[in-house]
Amino acid sequence: MSKDDMQIDPETVRQYNEFDNKVKELFDRDNRLVTTVINHHGLVDYYINNFLQTAYPSLPELTNIRLQFWQKLKLIRDPQMPYMRFYEAIVKLAELRNRFAHNIAYNPTEDDIQEIEKVGRAYRSRHLPELMPSTPGGFVALASNMFCMILHLLIDEIEKHGDGEGLVGYMRWRRANGYK
């Protein structure tokens with residue numbers, strides 16, 4: 001029997017076409033928010049790793065202990081730190097990233113974005129309000145970029161003033177120089 005003589009069951013063809021259409025539907029949707037969330041989650045993770053390594057130099061290489069993202073968030077939770085005004089937005093970013101990662105058809109709700117937008121609006125209304133984002137992805141980018149910028153600045157300060165002792169040395173330097 002040749003390949004041309006083979007009959008394909010019409011039900012199999014229908015199922016294949018149904019599957020193919022569903023895949024197209026999933027991939028053809030607007031994925032800008034998904035892309036923004038995943039990229040900014042990666043950016044936040046990168047800066048948290050660098051911050052933890054700088055703040056706690058006695059920790060083994062973070063790649064060796066392989067902490068989960070939520071564990072890293074718990075490690076950096078400190079009401080005294082300037083990044084805390086963005087912390088809850090980063091928690092929501094992580095939750096949204098997980099929803100997208102585990103359900104390709106997930107459609108975000110207002111609750112998914114609300115905390116991120118609230119934090120972004122509060123910050124942007126005081127600093128360059130004319131640059132207020134107009135999309136959920138814009139608020140994701142704003143909140144995560146501000147969080148990462150603060151971590152970046154803290155890393156730099158800890159390296160300059162921590163005397164090789166990480167966050168402990170930096171906080172000692174701050175107190176010795178009259179900072180809270």
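Predicted model: local features only at pLDDT ≥ 70, side-chain atom pairs only at ≥ 80, totals over all residues.

Reader: Why is isoleucine 76 called buried?

Author: Buried means under 20% relative accessible area, exposed means over 50%, and partly exposed lies in between (1.4 Å probe, protein chains only). Isoleucine 76 has a relative accessible area of 2%, so it is buried. This residue is found in helix α4; helices (H or I, at least four residues) and strands (E, at least two) are DSSP runs, numbered from the N terminus.

Reader: What is isoleucine 76 in contact with, leaving aside its neighbours within four places in sequence?

Author: Contact means heavy atoms within 4.5 Å. With those neighbours left aside, isoleucine 76 is in contact with Ile48, Phe51, Leu52, Tyr83, Met84, Tyr87 and Phe147.

Reader: Is glutamine 7 buried or exposed?

Author: Glutamine 7 has a relative accessible area of 74% and is therefore exposed. Glutamine 7 is found in the segment before α1 (10-28).

Reader: Which residues of helix α4 are buried, and how do you know that they line one face?

Author: In α4 (residues 69-76), the buried residues are Phe69, Lys72, Leu73 and Ile76. Seen down the axis of α4, these residues fall within an arc of 100 degrees, so they line one face of the helix. The arc is that of the directions from the helix axis to the C-beta atoms. Among the elements covering these buried residues are α2 (32-55), α5 (84-102) and α7 (136-161).

Reader: Why are α2 and α4 called oblique to each other?

Author: Axes are lines fitted to C-alpha atoms, for helices over the stretch in contact, and angles run from 0 to 180 degrees between N-to-C directions. Angles under 35 degrees count as roughly parallel, over 145 as roughly antiparallel, 65 to 115 as roughly perpendicular and the rest as oblique. The axes of α2 and α4 come within 11 Å and cross at roughly 50 degrees; α2 and α4 are therefore oblique. Their contact is made by His41, Val44, Asp45, Ile48, Asn49, Phe51 and Leu52 of α2 and by Phe69, Lys72, Leu73, Leu75 and Ile76 of α4.

Reader: What makes α4 roughly antiparallel to α5?

Author: The helices α4 and α5 pack at an angle of about 170 degrees, with their axes 11 Å apart. That angle makes α4 roughly antiparallel to α5. In this pair, Phe69, Leu73, Lys74 and Ile76 of α4 meet Met84, Tyr87, Ile90, Val91 and Ala94 of α5.

Reader: How do you know that α6 and α7 are roughly perpendicular to each other?

Author: Helix α6 (residues 110-126) packs against α7 at an angle of about 65 degrees, and their axes are 8 Å apart. The two helices are therefore roughly perpendicular. In α6, Ile113, Ile116, Glu117, Gly120, Arg121, Tyr123 and Arg124 meet Pro136, Phe139, Val140, Leu142, Ala143 and Met146 of α7.

Note on methods:
Residues numbered from 1 in each chain as written. Heavy atoms only, no water.
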